[in-house]
Amino acid sequence: MPKALRPFFRHDQWLFSEVSRLIFALVSEFYREAAGRDLTTGMIVAHQTYGDMLRFNPHFHAIVLEGGFDEEGRFYYIPFSGLEPMVEVFRRRVIWMLVEKELLNKEFTIKLLAWKHSGFSIDNSVRILDHEAQENLSEYIARPPISLKKIRYEPFKGRVLFHTKYSQYFKENVHIFDALDFLAELTQHIPPKRTQLIRRYGLYSSRLRGRW
């Protein structure tokens, strides 16, 4: 999502749940249009608030079943495609959700919709073709904001050294934080109580999974 919308999710992290449901609805509608009938599909959606060097960068990861079952139990394989139009639909639905919540006014909404580069994107380059890939992706979407292996505290200088892979955004792979700045960056990613970070829909939900 674009930087202009990120503050709304920083101040109200319950918005993540609504976008999560919106993502599942969007993909379900895509399958229904492609198959010409209602299909029961499955999806696991996880939201994360952190990007490189702990900056606030809200985004979503999803494990998506490519297709679904009709009422007679026949499976329809539908490759996940048509991403450019899907990005545009996703953008407009997120913006409309914020308008309905009176978080965006008309003037700013018109400006957002006029942007040539919307700041929204969808990527489907990661595919699960074996158990190892499934396990790796599942661990990735459930990972914490940082790994203790990547940080080192220097008590005599009151600094935290953050080692990570090279960041195109920061143009570096080591970042030095003052200790209090590091704590401030880290604690912004602590979710409110009872926040659900990973949500399961359709065939992957607890309600349907056992039956199927």
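These questions and answers walk through a sheet and a helix pair in a predicted model.

Residues are numbered from 1 along each chain as its sequence is written. In this predicted model, local features need pLDDT of at least 70 and side-chain atom pairs pLDDT 80 or more, while totals for chains, interfaces and linings use all residues, and side-chain values use heavy atoms, without hydrogens and water.

Colleague: What is the order of the open sheet of 3 strands?
Modeller: Strands (E, at least two residues) and helices (H or I, at least four) are DSSP runs, numbered from the N terminus. Two strands pair if DSSP finds at least two bridges between them. Here the pairing is antiparallel, and the order is 5-6-7.

Colleague: Why is one side of strand 5 and of strand 7 left without a neighbour in the sheet?
Modeller: Strand 5 (151-154) and strand 7 (172-178) stand at the edges.

Colleague: Which residue in strand 6 stands opposite Tyr153?
Modeller: Strand 5 and strand 6 (residues 159-167) pair in the antiparallel sense over 4 bridges. Opposite Tyr153 stands Val160.

Colleague: At what angle do helix 2 and helix 3 cross?
Modeller: Axes are lines fitted to C-alpha atoms, for helices over the stretch in contact (heavy atoms within 4.5 Å). Angles run from 0 to 180 degrees between N-to-C directions. The axes of helix 2 (residues 15-35) and helix 3 (residues 83-100) come within 11 Å. They cross at roughly 145°.

Colleague: Which residues in helix 3 meet helix 2?
Modeller: Helix 2 brings Leu15, Glu18, Val19, Leu22, Ile23, Leu26, Glu29 and Phe30. Their partners in helix 3 are Met86, Val89, Phe90, Arg93, Val94, Met97 and Leu98.
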